[in-house]
Protein chains: 2
Amino acid sequence: MNRIDCELLDVECRLAGCRERFSLPEGVLYFDGNSLGALPRTTAASIGAAVGDEWGKGLIRSWLDAGWFHLSRRAGDAIAPLIGASEGEVAVADSTSVNIFKLAASLLRRRGGRRKAVAERGDFPTDVYILQGVVDLLGADCELALAEPGGIAEAIDGDTALVLASHVDYRTGALRDMERLTARCRALGAPIVWDLCHSAGAVPVELNRCKVDYAVGCTYKFLNGGPGAPAFVYVSGDAIGSFEPVVTGWFGHADQFRFEDRYRAADSINKLLAGSPPVLSLRAVLDGVACFDGVDMEELAAKSRRLSGLFIELADERLARHGLELASPRDPAGRGSQVSFRHPDAYAIARALIAGGLIPDFRDPDILRFGITPLYMRYVDVWDAVDAIDAAMSGGAWLDFRTDAREAVT
Amino acid sequence: MNRIDCELLDVECRLAGCRERFSLPEGVLYFDGNSLGALPRTTAASIGAAVGDEWGKGLIRSWLDAGWFHLSRRAGDAIAPLIGASEGEVAVADSTSVNIFKLAASLLRRRGGRRKAVAERGDFPTDVYILQGVVDLLGADCELALAEPGGIAEAIDGDTALVLASHVDYRTGALRDMERLTARCRALGAPIVWDLCHSAGAVPVELNRCKVDYAVGCTYKFLNGGPGAPAFVYVSGDAIGSFEPVVTGWFGHADQFRFEDRYRAADSINKLLAGSPPVLSLRAVLDGVACFDGVDMEELAAKSRRLSGLFIELADERLARHGLELASPRDPAGRGSQVSFRHPDAYAIARALIAGGLIPDFRDPDILRFGITPLYMRYVDVWDAVDAIDAAMSGGAWLDFRTDAREAVT
């Protein structure tokens, strides 16, 4: 395998043209699209029109005339096919954290004598933090049960009132078996909320087929919705009828502009909405998701696996000798769309690579993470990235960064 | 009083130049800036740079390099002087609804045996709805006590665990006495959350002087932050130490990127943050608030009262005969920055006026509302608005709209 082989793979790749949908800076190898997706070419013009025409000229009229009122649903319906959901099951609003709160508080409130909210130690921090906040709020007969890494399935039992699980582990990239864990939860009568932040848009997600009732996910990673873009929340058509909202804001009311004295929940996914959505950020989500137009998600996921497989193969050859220890699963079926390594100086290495134009991600304490974004990543990018890491490690460039005070890389 | 008198008032107005800070469409008389503020001239360029340069070129690096991490606080500190708060007491994040939830859930959780959450019937719907959701969540020994309109002060007693009150009534524009109601709450040991949505940026707000501990407010009305821009939340320096967050997301963690297993709240207003903020919408808030640079808030509020006073004076002369009944207080000291009228066909009249280029607001069931935005509204605008209403009512233009199915005007 050499660089020309990679160029050939790019030539043969049927998805190669999708890269043209993005505006990527020159001289940068971007491997952090799983933290913040790249800028779609259409976004600047869309946002410009939303600001100048819709807001500036249309003013308040644009809530109706420009369809701002329906953006949360429109964006949700655009995301639905990417995650195996149906029309009307997804809305885009608030942050992932707030959406987890909405689901967890509602589900734990009706816990029927069960006490445990189960998550796994090492799952994405905000998920566990939010669950901790809900449990503390609900009182003494409700507790957070943190399973040890890898042990979540065994931690679920007849006393489990809620399970919260990431589809892809943000550090290692390990992919959980959604169908199997959901089935186990169902058999034990415990609702499960799936966090799709690190899978939606790059990994096959089949919510309906896996009989998932509740999920949340992020639009600013693989979905390219822009920094801090509002998150999505999914409740299945089966579960939405009995879902009782807890964050009962006016956007979730059955008849918002009647301004009734009492809250009456909408009889749709709208009951997951709360306050006014941030229209400019929400508009950008539509452009991000539109980058998937005509893309077969299975084909996209297959490209992701090939790219990450190539990364691992090249790393075995050239990076293992530098002490970079693969932290991601070798089995492509168990791997999300990233390749992670452990190294005691992961932070310094990340800083050095970024200074050199290759952007990975650092995750405390020792994870160097390379996001694989198959919509716009080329095989030669993987080659060049490994090349750049090899050069940086060989030349000791990273040693200069070891004394840096740690601050967030992302 | 005639139009030339109004022109003279504009010439003499020391704040007249502020209108140049906004991009206002030709041929529109905009009286709904208390629903969605006008577009500042700088916003399009700021958002363009945030999209094209910061996101497009800086990519993930912009969280640090472009200061995205600090935007919530930066915007909060920019708003603080407009509402009589101090540096570090305000953050911009999430919606007003979600921020009310954060405050109400935390305060009601530690209710020390008190049972009642008090609000007033007819206060802004989402406020009451959210409170209802929190009360339902917290269980049987907690209830929502809705005072009849005008009766909130009397409804507060030793069994009151929380009070939620709008500073300005969204329908009538009546301004509550913040100092007095806050003092009463304090004397009775009941925390009060103030909703500043319809006052911040147009009415004197003196949170510190009035010894207010908790407040929320909206940035897309008088603060010109753009459609659905994230809201602000205020907790006083006195109260922040003992405040225990309930929506415990990673942005509120004491050390966010250590990715610890357990949530530890930041020891600042940051503990009110939850998830990633919508950066593009948040950026626009900075431009909106910058329109107040160098503006004396007392002078601005005085202009607001003069504009609304002029509106009422002209309405007495020319509109009362059309059956438009003033719903706003005549006493300028008790009036927020709007003038409202009641009319059985308020909806049809609003539609007709909008069709003719004058944009007011309709509020169910019979309120026709004219927002006064003293930063960019002229005295001649008030004259022209009354003229347009008089003409529309005289000519019967609104009768054609009476059969329209009601939909949201805003």
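Of the residues of chain A, A:S281 comes closest to the rotation axis that relates the two chains, with its C-alpha atom at 2.8 Å. The model described here is predicted, and local features need pLDDT of at least 70, side-chain atom pairs count only at pLDDT 80 or more, and totals for chains, interfaces and linings use all residues. Residues are numbered from 1 along each chain as its sequence is written, while chains are lettered from A and ligands numbered from 1 in the order in which they are written.

## How the two chains meet

Chain A is superposed on chain B by a rotation of 180° with 0.0 Å of shift along its axis, and the RMSD is 0.0 Å. The two copies are thus related as by a two-fold rotation axis; the superposition is by least squares on the C-alpha atoms of residues with pLDDT of at least 70 in both copies.

In the interface, 73 residues of chain A are in contact with 73 residues of chain B, where contact means that the C-beta atoms of two residues, placed from the backbone, lie within 7 Å. On the side of chain A that touches chain B, at least two residues each come from α2 (43-58), α3 (62-65), α5 (96-109), α6 (125-138) and α10 (279-290) of chain A, and α2(A) gives the most, with nine residues. Helices (H or I, at least four residues) and strands (E, at least two) are DSSP runs, numbered from the N terminus. Because 100% of the interface residues of chain A are also interface residues in chain B, the copies meet through the same surface.

## A sheet and a helix pair in chain B

Chain B has an open sheet of seven strands in the order β4-β10-β9-β8-β7-β5-β6, with mixed pairing. Its edge strands, each of which pairs on one side only, are β4 (90-92) and β6 (143-147) of chain B, and the twist averages 20° from one strand to the next. Two strands pair if DSSP finds at least two bridges between them.

Helix α4 (residues 71-79) of chain B packs against helix α10 (residues 279-290) of chain B at an angle of about 20°, with their axes 10 Å apart. The helices α4(B) and α10(B) are therefore roughly parallel to each other, since angles under 35 degrees count as roughly parallel, over 145 as roughly antiparallel, 65 to 115 as roughly perpendicular and the rest as oblique. Among the residues that make this contact are B:L71 and B:A75 of α4(B) and B:L282 and B:L286 of α10(B). The helix α4(B) also lies across β4 and β10 (232-235) of chain B, running at about 125° to β4(B); axes are lines fitted to C-alpha atoms, for helices over the stretch in contact, and angles run from 0 to 180 degrees between N-to-C directions.

## The strands around β12 of chain B

Strand β12 (residues 338-342) of chain B is mostly covered, as four of its five residues are buried. A residue is buried if 20 or more other C-beta atoms lie within 10 Å of its own, exposed if 12 or fewer, and partly exposed in between, with C-beta atoms placed from the backbone.

| Partner of β12(B) | Sense | Bridges |
|---|---|---|
| β11(B), residues 325-326 | antiparallel | two bridges |
| β15(B), residues 367-371 | antiparallel | five bridges |

Within these pairings, B:L326 has B:F341 of β12(B) as its bridge partner, and B:Q338 has B:G371 of β15(B). The residue B:Q338 is also touched by B:S308, whose other contacts include B:V339 and B:I372, not counting residues up to four places away in sequence. B:S308 has its place in helix α11 (residues 297-318) of chain B and counts as buried, with 26 C-beta neighbours inside 10 Å.

## Backbone details in the loops

The peptide bond from B:D364 to B:P365 is cis, with omega near 0°, and B:P365 is found in the loop between β14 (361-363) and β15 of chain B. In chain A, the peptide bond from A:D364 to A:P365 is likewise cis.

Phi is positive in A:L59, near 50°, although this residue is other than glycine; A:L59 lies in the loop between α2 and α3 of chain A and is buried, with 24 other C-beta atoms within 10 Å.
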